[in-house]
Amino acid sequence: MNINVNKVKIVVTIPLENVEEVRNAMCEAGAGIIGNYTHCSMSTKCIGTFKPNEEANPYIGENNKMEFVEEEKLELVCDIKNVKNVISRLREVHPYEEPAIDIIPLIDESNFQ
């Protein structure tokens, strides 16, 4: 089977108060398009953990202290041609200096018999 990847799923966690801004920025940059629909996304509430070191400049929390933050995990599909633009825009509006971003290749159902 020869599989071409034309779409990815971009997954990022975001503090609750920033979700709409990040979602809108990603969609305006070309993510979240499924057929004739735009701004398609899935979000799940979750708890993010992190411990900023002494050189970090945390948006939330304090250096050298473990943090537990209510976040939303936001998931959007994206055409390969738009990924760089979407990720760039995501980083511009995301409040964290180091957002956790997953880029997952998607296999189109037409690849299966």
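Predicted model: local features only at pLDDT ≥ 70, side-chain atom pairs only at ≥ 80, totals over all residues.
**View 1. Glu-72, a buried residue of strand 3.** With 12% relative accessibility, Glu-72 counts as buried, a word used for under 20% relative accessible area, while exposed means over 50% and partly exposed lies in between (1.4 Å probe, protein chains only). Residues are numbered from 1 along each chain as its sequence is written, and side-chain values use heavy atoms, with hydrogens and water left out.

**View 2. Side-chain partners of Glu-72.** Look for the polar contact of 2.9 Å between the side chains of Glu-72 and Ser-43, then for the one of 3.5 Å that links the side chains of Glu-72 and Lys-45. (A polar contact is a pair of N or O atoms within 3.5 Å; within protein, one must be able to donate a hydrogen and the other to accept it, and residues adjacent in sequence count only if both atoms are side-chain atoms.) Leaving out residues up to four places away in sequence, Glu-72 also touches others, including Val-12, Ile-14 and Arg-23; contact means heavy atoms within 4.5 Å.

**View 3. The largest nonpolar core.** Here 19 residues come together, and those with the most contacts inside the core are Ile-10, Val-22, Met-26, Leu-74, Cys-78 and Val-86. Such a core is a set of buried Ala, Val, Leu, Ile, Met, Phe, Trp, Tyr and Cys residues joined through side-chain atoms within 4.5 Å. In soluble globular proteins, nonpolar side chains tend to be buried together. Beyond its neighbours within four places in sequence, Ile-10 is in contact with residues among them Met-26, Leu-74, Cys-78 and Val-86.

**View 4. Val-83 in helix 2.** Val-83 is buried, its relative accessible area being 12%. Not counting residues up to four places away in sequence, Val-83 touches Val-8, Cys-78 and Ile-103. Ala-29 and Val-83 are 54 residues apart in sequence, yet their C-alpha atoms are 8.8 Å apart in space.

Terms used: Helix = DSSP H or I, 4+ residues; strand = E, 2+ residues; numbered from the N terminus.
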